[in-house]
Amino acid sequence: MCRFDPCSGHIAGIYSFLFFCSMITFPLAKINLGLHVLNKRSDGFHNIETIMYPISLFDALEIVDISKKTEIIIFGNSKQEIPTEKNLIYKAWKLLFDKHGIKPVIFNLVKHIPAQAGLGGGSSNAAFALVLLNDFFKLNLSKDVLKKYAAEIGSDCPFFIEPKASLVQGRGEKLSPIDLDLSNYYIAIVKPNKLFDGSGGISTKEAYSIVKPSNDRISLIDIVKKPIEEWKNELVNDFQKPIQNIHKQIEDVINQLYRDGAIYAAMSGSGSACFGLFDKKNINLNFDKNYFLHISRLNSPK
């Protein structure tokens with residue numbers, strides 16, 4: 001099973017050794033076009049409003065075989081050492097084990113989406129694992145059921161069950177597909193490999209601890225209907241300013257993207273990855289080896 005065509009040109013060569021396997025999927029990343037933190041809920045989460053858009057930056061996830069215990073073997077650029085039981089892929093397996101009695105399996109995961117970047121890599125891995133396990137064990141669960149299960153794992157997870165341009169509300173579980181097509185544009189993703197404090201990224205917990213919620217907003221839907229050239233002055237990610245105050249590199253990256261010709265540039269999610277939207281294919285970025293870089297054309301959301 002392959003949810004994306006490996007011949008499309010979007011899959012990095014590192015994944016080629018996995019193509020022989022039929023039970024493989026390619027979890028993709030997302031960006032946030034604006035993000036409003038509205039208020040804190042009684043359950044400790046926050047109500048948000050954001051627009052998520054899928055991008056052609058992929059990991060690769062494979063089920064190798066049924067095993068005596070569930071294992072996740074990680075390849076690629078991931079330097080995080082996460083105990084298996086805390087990995088969101090394992091949590092996806094455990095959820096289906098508890099609800100449907102599936103057997104343990106061995107996963108191979110090739111990481112390319114950077115962690116603690118606001119690109120949803122871990123959430124995407126979990127959601128795609130649910131879909132992969134559903135197919136592998138022939139559970140015949142509907143997308144609505146999978147989205148419900150995904151919400152139990154993490155706030156961003158439901159989006160990745162059926163990733164397309166969407167207004168995301170609540171704590172992330174309320175999804176409304178929207179008519180937004182950015183396929184005429186190119187995207188550059190830039191993430192410092194290390195921030196000045198030595199950390200590899202920004203944790204979601206840290207981001208929410210410094211953001212100031214507000215309900216007094218113009219709807220993001222109304223803003224993204226305007227010409228993209230106007231987004232710079234109106235489309236806001238509430239995390240960006242307070243995080244820039246702590247990590248000046250974020251502001252520096254966004255300013256550099258504008259100098260390099262971006263029509264719109266912002267931090268994605270809770271960071272630390274930033275993105276720029278360009279109307280040209282040949283993008284010359286002035287960033288050195290100390291930054292993760294990815295450039296691709298944005299896909300049609302349909």
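**View 1. Aromatic pairs in the predicted model.** By the rule applied to the rings of Phe, Tyr and Trp, the count comes to eight aromatic pairs in this structure, which is a predicted model. In the pair formed by Phe136 and Phe137, the ring centres are 5.0 Å apart and the planes meet at 80°, so the pair is edge-to-face, given that planes over 60 degrees apart count that way. Phe136 is partly exposed, with a relative accessible area of 22%, whereas Phe137 has a relative accessible area of 19% and is buried, since buried means under 20%.

**View 2. Charged residues over ring faces.** Arg171 is placed over the face of Phe45, at 4.7 Å from the centre of that ring. Lys232, in turn, lies over the face of Tyr258, at 4.2 Å from the ring centre.

**View 3. Strand 9 and its covered faces.** Strand 9 spans residues 186-192 and is mostly covered, with seven of its seven residues buried.

**View 4. The partners of strand 9.** Strand 9 and strand 11 (residues 274-278) run antiparallel and are joined by five bridges, and Val190 stands opposite Cys274 in strand 11. Strand 9 also runs antiparallel to strand 12 (residues 291-297), to which seven bridges join it, and here Tyr186 stands opposite Arg297.

Conventions:
Residues numbered from 1 in each chain as written. Predicted model: local features only at pLDDT ≥ 70, side-chain atom pairs only at ≥ 80, totals over all residues. Heavy atoms only, no water. Phe/Tyr/Trp six-rings, centres within 6.5 Å; stacked < 30°, edge-to-face > 60°. Buried < 20%, exposed > 50% of the residue type's maximum accessible area, 1.4 Å probe, protein only. Lys NZ or Arg CZ within 6 Å of the ring centre and 35° of its normal. Helix = DSSP H or I, 4+ residues; strand = E, 2+ residues; numbered from the N terminus. Pairing = 2+ DSSP bridges.
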